[in-house]
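Try each task before you read its solution.

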Amino acid sequence: MLEQDSRDGSIKMEFDFDAVNEEDSPFPEVRASVSNIDDPEMPAMTLRMWLIGLVLCMIASAMNLFFNFRQPAPSVSPLTLLLVCYPIGKFFAFVLPITTYRLPRYLGGYEFSLNPGPWNIKEHVLVYVMANVAISAPYAINAIVVTQLNYGVQVDYWFSVLLVLATQLTGFGLAGMCRRFLVWPASMVWPQNLVTCTLLNTLHAEDDEEPGSITRYRYFLLVLGGAFFFFFIPGYLFSALSVFSWMCWILPDNIPVNQLFGVDSGLGMTIVTFDWTQISWIGSPLMYPWWAEAHIFFGFVIFFWIVTPILYYTNTWDLAYFPLNDSNPYDRYGNVYNVSAVLDASNRFNLTAYENYSPLYLPATYAVTYMLAFALSTCVLVHTILYHGRSLLNGMKKIRIEQDDIHAKLMRNYPEVPDWWYLVCFLSFFLLMVVVVEVWHTSVPVWALLLSVALPTLYVLPSGFIYAMTGQGITLNLLAQIIPGTLMAGDPVANMIFKAYSVQTLSEATSFVQDLKLGHYIKVPPRATFLVQFVGTLLASFIQIGVKQWMFNNIPDICTPHQPSLLTCPHNEVYYTASAVWGIIGPTRQFGKGTLYYPELYAIIVGTLLPVPFWLWQRRYPNSWVRFVSTPVVLNGVSYIPPAAGINYSAWFAVGFVFQYLIRKRNFAWWSKFNYVTSAALDSGTALSLIVIFFTLDFPKGGLHLNWWGNTVYTNTADWTRLPLKVIPPGGLPLD
């Protein structure tokens, strides 16, 4: 039972630690990746951890912000920093003095050491946690740049910093209040963390090599090296092995063949690619549990190998006049939609120009994705109530949701972070957001902010449940555009700020929860995780906005199509288009009654009803296979299309079938020891190879490119040029 410790406000539990030595997680995936022992005396919050973590995170966050404006661009991933900081930590442990220092009594008399012992796994994971939440380019940077460049509204440094802080750290407070639902229960596995745990344990806790076998660390280095050198083939020397659309090479002008079997813009029915970045585009297939992979691929087959071709080849909604798979909207002339053509001189919506120009048309996969998003918006809420309602009620009553596993029991040795710490963060940064929109007169009313933060608050648990069990989260992009587009029509800046706050709060909340679970697995004191997450995100926000200000003040022609260093701001262009479509043209003209896509709204009703029969059936027949069905996973798993292509799902599933089903079933011992090590090594080796190729071959002096058949054959196909099935009639599609 939970006991409230009145002395420090933390949650304490009675437990006999001597009785847990032989316990382990009930889930084989967790047993294969996570250690079931702990050393409570192992130092975590060391000075060298702070120094290494903050320096690496500040450098990586600045680099990622810079590359965010470039196309093409690499990124420094948290996994890369995890590998980089390991030899640095070992070096610090070797050279720093082991002397213990004591502060004067008037400063508290605390003792500390620059070198408290060997570089350990808890210090290492805290550096990774700091990187995971801090180094990515903040989503709100898109709203800042588009407001400044496209809508001519000048914003200063402090507006930018405070907006980024509010969008980043409101989710931090929200995450902490979800711990009893998403972190402490053993069933909340969080598959991404298993790969990280395996890599950390491989580096820090390797056992001795047995005769006739190989250690996980040596195996990791071999696979990492192999992945590093192999990626030079599909990534540079023979790129056709990445875009391996061999049927399209044989029939380059056959549009249906290119659309169905293509790799770049097709549905990927060829299944084969030799590029790990293509295979793992939606996540490593060695990470997802098999049941989730089966759900996701089933949804992909139903909606994109069956429903999408039916809609496209019957020319439903005039889909056949546009590319089958594309992330751009089109006009009635078959060109990418020119948003500026429907704006007046003050960037406001011009109805007359819109009526004379064109409605907005969606490619087939885009239209199906919106339909699935409408269904998912209600399906996930109904599913959560039906399947997790009792757990939610018990958690709110502070009743234990499920039996503690060994990891939860071991974590009782550390004081928990009180809920009120997180509640204060949530309220403080929401109020900071209110200050931002009011002081800088952004035209976003406070009631809209309340609605904006209500969306992630409503969806954080449904999204968290799905993310924790399948490795895929839910995005609020659609709702966060439609709601302000309807309530604040004609105001694109307000639409962008609403969207940035809502989407980023949910995204950051799930990211923070994921790292809380990682700390739970590695047995890091929760208060150490709290401080590392908060400080890393806080400092990175100041650094990244500073880099942005410097770039826009010193780099000529930034965000223009022909910028010499390719700083063309591709993400901001997409964000601008979305802000104009939803904030200016508005959802009513796109999905309202009488419009071309109005029937898609019926998906909202379908989504509400979809989980009910499966829930009733498993209640009636609890041992039936139906109990494994999760309708939100089927709908949400395919949400990466577009911009993902079919090959990113078909090849992903094929590799997942081999590792997560065949090998796991036939050689569980090998799978337990090496599966997640293989995933970490392939990810790490490919990421390092990608960065080396970019900085040594692609970036210097405009790049060094090999012009031969193996790097050009796929560019001469209808798959690459994204040709539509039908030709637009002269004068364009008729206006209704």
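**Exercise 1. Confidence**

What pLDDT does the protein average?

Solution. This is a predicted model. The average pLDDT is 84. Next, take the share of residues that score at least 70: it is 93%. Then turn to residues 1-21. Here pLDDT stays under 50. For this stretch the model has 39 contacts beyond four places in sequence.

**Exercise 2. Helix H8**

Check the span of helix H8, then decide how enclosed the helix is.

Solution. H8 covers residues 191-204, which makes 14 residues. Now look at burial, with the cut-off at under 20% relative accessible area. Of the 14 residues, 13 are buried, so H8 is largely enclosed by the rest of the structure.

**Exercise 3. The second largest pocket**

Describe the second largest pocket and its lining.

Solution. Start with volume: the pocket holds about 880 Å³ of space. Its lining has 38 residues. Nearest the centre lie Phe27, Ser187, Trp291, Met469 and Phe628. Elements giving two or more residues include H8, helix H14 (290-313) and helix H19 (446-470). H16 gives the largest share, six residues. Sort the lining by type: 24 nonpolar, nine polar and five charged.

**Exercise 4. A positive phi**

Is Asp318 buried or exposed, or in between?

Solution. Find Asp318 in the loop between H14 and helix H15 (351-357). Its phi is near 60°, a positive value in a residue other than glycine. Relative accessibility is 24%, so Asp318 counts as partly exposed.

Note on methods
Residues numbered from 1 in each chain as written. Predicted model: local features only at pLDDT ≥ 70, side-chain atom pairs only at ≥ 80, totals over all residues. Heavy atoms only, no water. Helix = DSSP H or I, 4+ residues; strand = E, 2+ residues; numbered from the N terminus. Expected span 1.5 Å × (residues − 1). Buried < 20%, exposed > 50% of the residue type's maximum accessible area, 1.4 Å probe, protein only. pLDDT = per-residue confidence, 0-100. Contact = heavy atoms within 4.5 Å. 1 Å grid on protein atoms, 1.4 Å probe; cavity = no way out; pocket = protein on both sides within 12 Å on 5 of 7 lines; lining within 4 Å. Points joined across faces, edges and corners; volume = space filled by probe spheres on them. Nonpolar A, V, L, I, M, F, W, Y, C, P; charged D, E, K, R; others polar.
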